[in-house]
Amino acid sequence: VTELDWRHIWLSEGFATYFTQLYNEFTQGRDVMVRGMEGARNTVAGFYAQNPQLALIAEQLTDPNRMLNRNAYQKGAWVLHMLRRQIGDDAFWQGIRDYYRTYRDSNALTEDLQRIMEEASSQDLQWFFHQWAYVPGHPMLTGTWSYDATTGNVEVTVRRGEAAEVD
């Protein structure tokens with residue numbers, strides 16, 4: 001399976017990067033995969049700091065060489081990792097099998113992967129793919145906490161950037 005449009009290059013490179021991490025987990029243990037994903041996360045944050053206008057699917061890029069960037073590889077891997085956590089292992093692997101069976105020796109777009117993952121998981125994933133594939137960057141989180149010694153309760157509040165009150 002390869003991408004139908006260069007702007008969807010993450011469908012090749014993000015998969016390759018994530019599956020490399022899964023192979024590392026299988027052959028060398030979970031800690032190796034966790035460290036690899038942590039490194040990828042740091043790479044994505046650094047890339048965003050230098051390119052805050054570029055989403056995973058960067059509509060404004062026309063040069064395929066510029067599309068082969070940290071978003072395509074490392075952020076693409078993270079999108080797959082987060083998708084797996086969102087829909088669960090069984091649905092994720094069923095969706096991967098269906099995706100490759102459907103588009104074997106062919107081309108696909110992100111929308112095709114989304115549709116197949118929605119079918120496999122019985123979830124509406126529009127919000128997920130919009131947020132992670134079409135919006136630049138990553139959520140900026142702030143948090144506070146307080147401890148009530150009387151009740152023994154800890155209250156944690158996490159807000160996401162400027163849009164925290166809408167989410």
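**A colleague's note on this predicted model**

1. Which residues of α6 are buried? They are Thr 110, Asp 112, Leu 113, Gln 114, Ile 116, Met 117 and Ser 121.

2. Just after α6 comes Ser 122, which takes a positive phi of about 55°.

3. Now step back to the whole protein. There are seven helices and four strands, and from the N terminus on they run β-α-α-α-α-α-β-α-α-β-β. Along the principal axes, the C-alpha atoms fill a box of roughly 65 × 35 × 35 Å.

4. The protein has 167 residues, and 37% of them count as buried. Its accessible surface comes to about 9,900 Å², with 50% of that belonging to carbon and sulfur atoms. Among contacts with a separation of 6 or more, 61% are between residues 24 or more positions apart.

5. For a local example, find Ile 9, in the loop between β1 (2–3) and α1. Is Ile 9 buried or exposed? Its relative accessible area is 4%, under the 20% cut-off, so Ile 9 counts as buried. Leaving aside residues up to four places away in sequence, Ile 9 touches Glu 3, Met 67, Leu 68 and Ala 72. The C-alpha atoms of Ile 9 and Ile 57 are separated by 8.1 Å, although these residues are 48 residues apart along the chain.

6. Leu 141, Trp 145, Tyr 147, Val 154, Val 156 and Val 158 make a nonpolar patch of about 720 Å². Two strands, β3 (141–148) and β4 (153–160), each supply at least two residues of this patch. Tyr 147, one of the patch residues, is found in strand β3. Why does Tyr 147 count as exposed? Exposed means over 50% relative accessible area, and Tyr 147 counts as exposed because its relative accessibility is 51%.

Technical notes:
Residues are numbered from 1 along each chain as its sequence is written. This is a predicted model: local features need pLDDT of at least 70, side-chain atom pairs count only at pLDDT 80 or more; totals for chains, interfaces and linings use all residues. Side-chain values use heavy atoms; hydrogens and water are left out. Patches are made of residues with over 30% relative accessible area and no salt bridge: like charges are joined within 9 Å, nonpolar side chains (Val, Leu, Ile, Met, Phe, Trp, Tyr) within 5 Å. Accessible areas come from the Shrake-Rupley method with a 1.4 Å probe; for residues, only the protein chains shown count as cover. A salt bridge is a side-chain nitrogen of Lys or Arg within 4 Å of a carboxyl oxygen of Asp or Glu. Buried means under 20% relative accessible area, exposed over 50%, partly exposed in between (1.4 Å probe, protein chains only). Contact means heavy atoms within 4.5 Å.
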